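Subject: Handover of a structure, with notes

Dear colleague,

I am passing on the structure below, together with some notes on what was found in it. Please read the notes with the coordinates open beside you.

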Amino acid sequence: MQANEITLLCRVVDNFGDIGVVYRLARAISDIDSKIQLNIICSSLQSFAAMNSAVDKNKEVQKIEYNGASWTIIDWNITTPRLIELNGCLPDFGVILECFQCGRPDFLEDILFDKQNTKLYRIINVEYLTAEDFAEEFHCLKSGTRSALVKKVNFMPGFTAKTGGMILDRSFMESLTKAKATPKNPHEFKVTLFSYERDFTTVFDALIEFQGVIQQKDPDFKVRVLAADGKSLPYAKKAQEATHSKLDFTALPFMAQGEWDALLCSADFNFIRGEDSLSRACLCSKPFFWHAYVQEDNYQLVKVEAVLNKLIPYIKDAGTGQNLKRQWFNYNTPDAGLDKDSLVQLFTATYDGSLTRGFAGFSDDLLLNGDLGMNLLNYIKSL
């Protein structure tokens, strides 16, 4: 089928994580085909407005443009009569991207399952990114609904050619290309820091020791820590104070996606959290630590291990790979401590290029899986 109009659903759970992925996916689709009308139904227009200044958090229905494409932004809690009043008509809800099993707003549920309905609707559940093996099993797997006229299927972002891949939006790819073409400053080691709440003292101690070792050969060498706005910033500031400000430390303001993408691509080492930053870190060819959201019974460690199982084979030195694995697990286990000497070794392996080459090979192969946005559009055409 040819989709002239696509609706994306986003119920915001994480303050910016969910809408961040949906916003990136919308941009990727419009980059591919600006003629497709996009409707974005969001439960937190305030979060969306932080991502895109053209969005008015107080408007129930609004139209904005992105690179020549037309987007209609709709408040999740609107009623059907109010939507018709403000929009002039009902949008065509023929193809719906239900992101992260978020469910559907009441007004849309009423439209889809109206007993008088004779129209065919297709819901594509775009799931969270995971490296777990079930992603291949669930990709394009059909799911039942309570109406024969509402067809639903799962579409899995992922790390292999048997999944939908990752979002390769134009802005990110431009940042990646620019970073690869820009000569590195040999006297600087740039580290980004973005996580959930945790103690960073050992990370800072390791960076200080690493800095001291390199300065013996290069007195001009300096480690720069760029701490993102959010939950981790107070902990980063506390670690900076505890280590007596021996590192070049910058507390960053809230950054737009494009700015954050460029920073991740240009850094030497990234500490990141959440799905959107995980996918960018995986693609940007630089070593990183991922802080997964803590789940019941430490299930986040299953997700961490799944990513590591895809990543570690690209690291040629077995000792470095095992060291990375141990520290990732410690980083993601509440109350577990990181090992300073092991971190120094990882920073050193990044500085000499050996660890970076492994991550770059991992990123290059992920890019070969194609763009999630293009893969979604091709799938819709096949229906």
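This is a predicted model: local features need pLDDT of at least 70, side-chain atom pairs count only at pLDDT 80 or more; totals for chains, interfaces and linings use all residues.

An open sheet is built from eight strands, which are arranged in the order β3-β4-β2-β1-β5-β6-β8-β7 with mixed pairing. At its edges are β3 and β7 (142-143), each of which pairs on one side only. Both senses of pairing can be followed in detail. Strand β1 (residues 5-10) and strand β2 (residues 37-42) run parallel and are joined by six bridges, with Leu9 placed opposite Ile41 in β2. Strand β3 (residues 61-66), by contrast, pairs with strand β4 (residues 69-75) in the antiparallel sense, again over six bridges, and here Gln62 stands opposite Ile73 in β4. The hairpin of β3 and β4 has two residues between the strands, and in this hairpin Asn67 takes a positive phi near 50°.

Backbone angles in two loops

Two further residues have a positive phi although neither is a glycine: for Phe100 the angle is about 65°, and for Ser245 it is about 55°. Phe100 is found in the loop between β5 (95-99) and α4 (106-112), while Ser245 belongs to the loop between α8 (233-242) and β11 (248-251). Their surroundings can be set side by side. With a relative accessible area of 9%, Phe100 is buried, because the cut-off for that class is under 20%; Ser245, with a relative accessible area of 48%, is partly exposed.

In soluble globular proteins, nonpolar side chains tend to be buried together. In this model the largest nonpolar core has 67 residues, and Phe289 and Trp328 are those with the most contacts inside it. Helix α7 (residues 201-215) gives the largest share of this core, namely seven residues. A second, separate core has 41 residues, among them Tyr23, Leu25, Tyr66 and Ala69.

Glu209 lies in helix α7 and, at 32% relative accessibility, counts as partly exposed. Leaving aside residues up to four places away in sequence, Glu209 touches Lys340, Asp341 and Val344.

Ser232 is located in the loop between β10 (222-227) and α8, and with a relative accessible area of 1% Ser232 is buried. Under the rule that residues up to four places away in sequence are not counted, Ser232 touches Leu193, Phe194, Ser195, Tyr196 and Phe200.

Cavity and pocket

Rolling a probe the size of a water molecule over the atoms shows where empty space is left. The count comes to one cavity of 30 Å³ or more, and about 80 Å³ of space lies in the largest cavity. The largest cavity is lined by Val21, Leu129, Pro157, Gly165, Met166, Ile167, Glu275, Asp276, Ser279, Arg280 and Leu372. Helix α10 (residues 275-283) supplies the largest share of this lining, four residues, and by class the lining residues divide into six nonpolar, two polar and three charged.

The second largest pocket has a volume of about 440 Å³. Its lining is made up of 23 residues, of which Ala179, Thr182, Lys184, Ser266 and Lys286 are the closest to its centre. At least two lining residues of this pocket come from each of α6 (170-181), β9 (188-193), α9 (257-266) and α13 (340-351), and the largest share, four residues, is supplied by α6. By class, the lining of the second largest pocket has eight nonpolar, seven polar and eight charged residues.

With best wishes

How values were computed. Residues are numbered from 1 along each chain as its sequence is written. Side-chain values use heavy atoms; hydrogens and water are left out. On a 1 Å grid over the protein atoms alone, a cavity is a set of points where a 1.4 Å probe fits but cannot get out, and a pocket is an open set with protein on both sides within 12 Å along at least five of seven lines; lining residues have an atom within 4 Å of a point. Grid points are joined across faces, edges and corners, and a volume is the space filled by probe spheres set on the points. Ala, Val, Leu, Ile, Met, Phe, Trp, Tyr, Cys and Pro count as nonpolar, Asp, Glu, Lys and Arg as charged, and the others, Gly among them, as polar. A nonpolar core is a set of buried Ala, Val, Leu, Ile, Met, Phe, Trp, Tyr and Cys residues joined through side-chain atoms within 4.5 Å. Buried means under 20% relative accessible area, exposed over 50%, partly exposed in between (1.4 Å probe, protein chains only). Contact means heavy atoms within 4.5 Å. Two strands pair if DSSP finds at least two bridges between them.
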